[in-house]
Amino acid sequence: MISLNQVVLGYQGRAVTPALTGHIVQGSMTAIIGANGTGKSTLLKTLLKLQAPVSGQLQFTDGCAPRIAWLPQLAEMERQFPVTVYDVVCMGAWPARSLFSALKRQHRLRIADAIERVGLSAYRYQPIEMLSGGQFQRMLFARLLVQNAPLVLLDEPFTGVDSQTSDFLMSLICQMNQAGQTVLAVLHDNQRVSRHFPQVLLLTQDHFHWGDAAEVLPRYSQVSNNLALSA
Ligand SMILES: Nc1ncnc2c1ncn2[C@@H]1O[C@H](COP(=O)(O)OP(=O)(O)OP(=O)(O)O)[C@@H](O)[C@H]1O
């Protein structure tokens with residue numbers, strides 16, 4: 001789906017990662033792990049074309065970027081905006097219709113189904129500022145479900161969410177992947193990574209390891225131990 005060839009990520013010409021080479025295979029499920037500041041979110045933003053790479057090449061198998069659904073970090077979300085749960089979930093249908101046209105019946109059904117799947121039917125007309133952290137994240141997942149994009153990018157999807165809701169959201173991620181969507185998720189919970197993610201990209205300041213979870217995860221413990229020893 002996407003190939004990275006010696007891609008250095010960064011801002012205004014300043015590198016924040018080593019040169020990355022690897023493939024995001026269609027239908028795969030990959031966790032991006034690493035310490036704070038190693039460029040995990042920057043990779044997602046680069047795939048979204050919000051950020052240009054410092055150097056190297058990103059190639060899309062079909063010649064153009066696939067449709068992408070993105071769950072940003074919770075801290076980057078505007079929560080005081082005066083809209084309802086329904087309004088936010090509706091936004092997932094934008095790519096399939098023009099901005100100001102009325103929703104078609106098929107869209108309305110998809111939106112209602114997504115809100116029900118995440119357990120927010122009773123809150124559909126609630127202003128988003130009144131939602132708890134877990135409810136807010138469920139709402140964003142409903143929007144992802146409506147988007148139904150071939151590539152799903154998730155930036156720390158379980159931040160501020162209790163373990164029961166995290167388990168529930170994890171099951172939704174697995175369902176998306178089983179339905180054929182390619183998933184790339186930034187995570188800090190290695191147990192969850194080893195349970196659910198066959199592929200892992202580990203980023204450090206100077207190196208990266210990209211491959212099967214069973215091979216890459218033990219390297220993370222090594223890296224963490226080395227960091228602890230040098231601190
Ligand atoms: N808009 C920006 N302009 C300049 N530098 C930035 C910008 N955003 C992030 N950075 C820097 O890029 C580096 C990588 O940031 P990034 O957010 O990708 O890290 P991360 O691995 O996702 O970290 P975390 O686990 O803390 O979310 C950091 O040093 C950060 O300060």
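Axes here are lines fitted to C-alpha atoms, for helices over the stretch in contact, and angles run from 0 to 180 degrees between N-to-C directions. The model shown in every view is a predicted one.

**View A. Helix H3 packs against helix H4 in this predicted model.** The axes of H3 (residues 105-117) and H4 (residues 133-147) lie 9 Å apart and form an angle of about 140°. Because angles over 145 degrees would count as roughly antiparallel, this value makes H3 oblique to H4, and the crossing of the two helices is right-handed. On the H3 side the contact is made by Arg 110, Ile 111, Ala 114, Ile 115 and Arg 117, which meet Ala 142, Leu 145 and Val 146 of H4. Sorted by class, this contact of H3 with H4 holds six nonpolar and two charged residues, with no polar ones.

**View B. Helix H4 also packs against helix H5.** Here the axes of H4 and H5 (residues 163-178) are 11 Å apart, at an angle of about 5°, and that angle makes H4 roughly parallel to H5. From H4, the residues Gly 134, Gln 137, Arg 138 and Phe 141 meet Thr 165, Leu 169 and Leu 172 in H5. The classes in this contact of H4 with H5 are three nonpolar, three polar and one charged.

**View C. Six strands form an open sheet with mixed pairing.** The strand order in this sheet is E7-E8-E9-E5-E10-E11. Strand E7 (68-71) and strand E11 (208-212) stand at the edges and have a single partner strand each, so one side of each is left without a neighbour in the sheet. From one strand to the next, the twist averages 15°.

**View D. Three strands form an open sheet with antiparallel pairing.** The order in this sheet is E4-E1-E6; E4 and E6 stand at the edges with a single partner strand each, so one side of each is left without a neighbour in the sheet. The twist in this sheet averages 10° from one strand to the next. Strand E1 (residues 2-8) is joined to strand E4 (residues 20-24) by four bridges in the antiparallel sense, and in this pairing Ile 2 stands opposite Ile 24, while Val 7 has Leu 20 as its bridge partner. Towards strand E6 (residues 55-60), E1 pairs over five bridges, again in the antiparallel sense, and here Asn 5 stands opposite Gln 57.

**View E. Ten residues are listed around the ligand, from Tyr 11 to Thr 42.** These residues are Tyr 11, Val 16, Gly 34, Asn 36, Gly 37, Thr 38, Gly 39, Lys 40, Ser 41 and Thr 42. Helix H1 (residues 40-47) gives the largest share of the shell around the ligand, namely three residues. By class, the shell around the ligand is made up of two nonpolar residues, seven polar residues and one charged residue.

Terms used:
Residues numbered from 1 in each chain as written. Predicted model: local features only at pLDDT ≥ 70, side-chain atom pairs only at ≥ 80, totals over all residues. Pairing = 2+ DSSP bridges. Near = placed C-beta within 6 Å. Nonpolar A, V, L, I, M, F, W, Y, C, P; charged D, E, K, R; others polar. Parallel < 35°, antiparallel > 145°, perpendicular 65-115°, else oblique. Left-handed = near helix turned anticlockwise from the far one by under 90°. Contact = placed C-beta atoms within 7 Å.
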